Amino acid sequence: MHAMSYARVGDVASALAEGADPDSRFLAGGTTEVDMLRIGVARERRLIDINDLPLNTIEDLPGGGLRLGALARMSDVAATPSVRERFPMLVQALELGASAQLRNMASMGGNMMQRVRCGYFREAGMPCNKREPGSGCAAQGGFHRGHAVLGTSEHCFATHPSDVAVALVALDAVIHLQGRYGERAMPLEDFFLQPGDAPEREHPIEHGELITAIEVPAAPVARTSLYWKVRDRESYEFALVSAAVAATVTNGVIREVRLALGGVATRPWRARAAEQMLTGGPAISDAFEAAASAELAPAVPHPQNAFKIELAKRTIVRVLERVSAA
Amino acid sequence: MDGPLEKIERGPEPAKLSLSVNGATLVAEVEPRASLLDTLRETLDLTGTKKGCNQGACGACTVWVDGRRVVSCLTLAVACEGREVTTIEGLVEHPMQEAFLSCDALQCGYCTPGQIMSAVKLLEEGHAGNDAEIAEWMSGNLCRCAAYPHIRQAIREVRDGEHQ
């Protein structure tokens, strides 16, 4: 790892002042950042440790929503009783991610900023448009079994690795940012950019801007929800396909449904086409299969990851069957 | 958690860090880029914590920071000033150590310090109800020798108070 300086700050204003240095980067849980620095993919020369900022609270909002401080740890969010009661799929997504040690370290804000696990992104000697714009994509003709089939471009099709972001996107979460010139908020879904022609740009966040919180609006539908993760190993592995689903079914009719996919797309993938087809329709397998097919219709397969299309469809049907029977 | 009143500024050259390790205050002169793992092993001569993958995947380097199990390879030593670090050397005749011995919960033993540091916290966290739960919540600690059945047995026995 290259040499670097370090500063630990205790308040947001100091963090923003330090973050103005173009050669700096914020350090939260470090589970991605230290890894990226060690393998030479991150090149910053100064780390601003923000772990002492007062941004680690987990608050219940009036009406049933949540406000998760950006520095709240994955393990603490998952262990919060009100989160467990109101948002089962959020807890399941958290607890099916990484390992107990990493969940103790990793912050919610950092989780949103984690980098892709494409082997060519991590290998400094290989072409990668995300790491080195214009250098090419070694995954196209290389090993890409874990790569995305939705939201891809010819320049990059690395899978977004987060589990909890998938559940949060299904829940219409809002991310709050603070920069030197003010605060702003946006739907979390918009915080994740598809690679398009600029895979190096992953988030609409400015250098030195801080994530301060993630808000989850009240969602009674989420009390009947599920996060299902399909992977090569039973534990401590990234998803091949995952699905976050919440549904309200009365008299066999789907009144409300939320569906998002992980493991198959370049961003946490809100399955809006499927949601639209399902809402107001019968909660039967034929309808689930039709919705799953519609959602995966635009999928772009590569030789090693084509199996994900069928796997995603089956996963969607399975979670809808389970949650509508609950 | 309240922040320190004064900003901490270190590096890039080596700086003397005051670290609280196993209840003692130790001084390590390292650069900010030094991991807690390397600092423990190479600078403070606490070699009980093991280096496996060095990328957060194997759990051999598991220690506690402020009472929580973490991987020390992805933790910077400089970020531990003002925190309480506990390593396997900080456990003395702990029931979990006794159980690992009596259950033969190891072959080569390289992953064992990390397994034990993780297992003690697993019980505190309350995720050792049955073998499936133990396996899930210990999945961050790999054992190349696949001593998993005996590791789970050791954890069960400590859970059930068989090693006091």
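A polar contact is a pair of N or O atoms within 3.5 Å; within protein, one must be able to donate a hydrogen and the other to accept it. The views below come from a predicted model.

**View 1. Polar contacts and salt bridges link chain B to chain A.** Across the interface of chain B and chain A, 23 residue pairs are in polar contact, both partners at pLDDT 80 or more. Four salt bridges also cross this interface. One salt bridge pairs R68(B) with D76(A). Their closest N and O atoms are 3.2 Å apart.

**View 2. The interface of chain B and chain A.** Here 39 residues of chain B are in contact with 39 residues of chain A. Together the two chains bury about 3200 Å². Carbon and sulfur atoms carry 49% of that area.

**View 3. The side of chain B that touches chain A.** Across this interface lie the 23 residue pairs in polar contact. Four elements of chain B each give two or more residues to this side: β1 (8-10), β5 (68-71), α3 (112-125) and α4 (131-137). Of these, β5(B) gives the most, with four residues. By residue type, this side of chain B divides into 15 nonpolar, 13 polar and 11 charged.

**View 4. A strand of chain A pairs with a strand of chain B.** Strand β1 (residues 5-8) of chain A is joined to β1(B) by three bridges. The two strands run antiparallel. Which residue of β1(B) is the bridge partner of R8(A)? The partner is I8(B).

**View 5. Two domains of chain B meet.** Domain 1 of chain B brings 15 residues to the contact, and domain 2 of chain B brings 16. About 1300 Å² is buried between the two domains. Carbon and sulfur atoms give 57% of this area. Three residues stand out on the domain 1 side: W64(B), R69(B) and I88(B). They supply 50% of the area that domain 1 of chain B buries against domain 2 of chain B, more than any other three residues.

**View 6. A salt bridge between the domains of chain B.** How many salt bridges are counted between domain 1 of chain B and domain 2 of chain B? The count is one. R69(B) forms a salt bridge with E125(B). The closest N and O atoms of this pair are 2.7 Å apart. The side of domain 1 of chain B that touches domain 2 of chain B divides into five nonpolar, seven polar and three charged residues.

**View 7. The two domains of chain A.** Chain A is divided into domain 1 (5-49) and domain 2 (223-325). The centres of these two domains of chain A are separated by 37 Å, taken over C-alpha atoms.

**View 8. A salt bridge within chain A.** Over all chains, the structure holds 35 salt bridges. One of them joins E189(A) to R272(A), with the closest N and O atoms 2.5 Å apart. E189(A) lies in helix α9 (residues 188-191) of chain A, and R272(A) lies in helix α10 (residues 272-278) of chain A, so the pair ties together parts that are 83 residues apart in sequence.

Methods. Residues numbered from 1 in each chain as written. Chains lettered and ligands numbered in written order. Predicted model: local features only at pLDDT ≥ 70, side-chain atom pairs only at ≥ 80, totals over all residues. Heavy atoms only, no water. Contact = heavy atoms within 4.5 Å. Buried area = accessible area lost by both parts, 1.4 Å probe. Salt bridge = Lys/Arg side-chain N within 4 Å of Asp/Glu carboxyl O. Nonpolar A, V, L, I, M, F, W, Y, C, P; charged D, E, K, R; others polar. Polar contact = N/O pair within 3.5 Å; in protein donor to acceptor, adjacent residues only side chain to side chain. Pairing = 2+ DSSP bridges. Domains from an automatic or database assignment.
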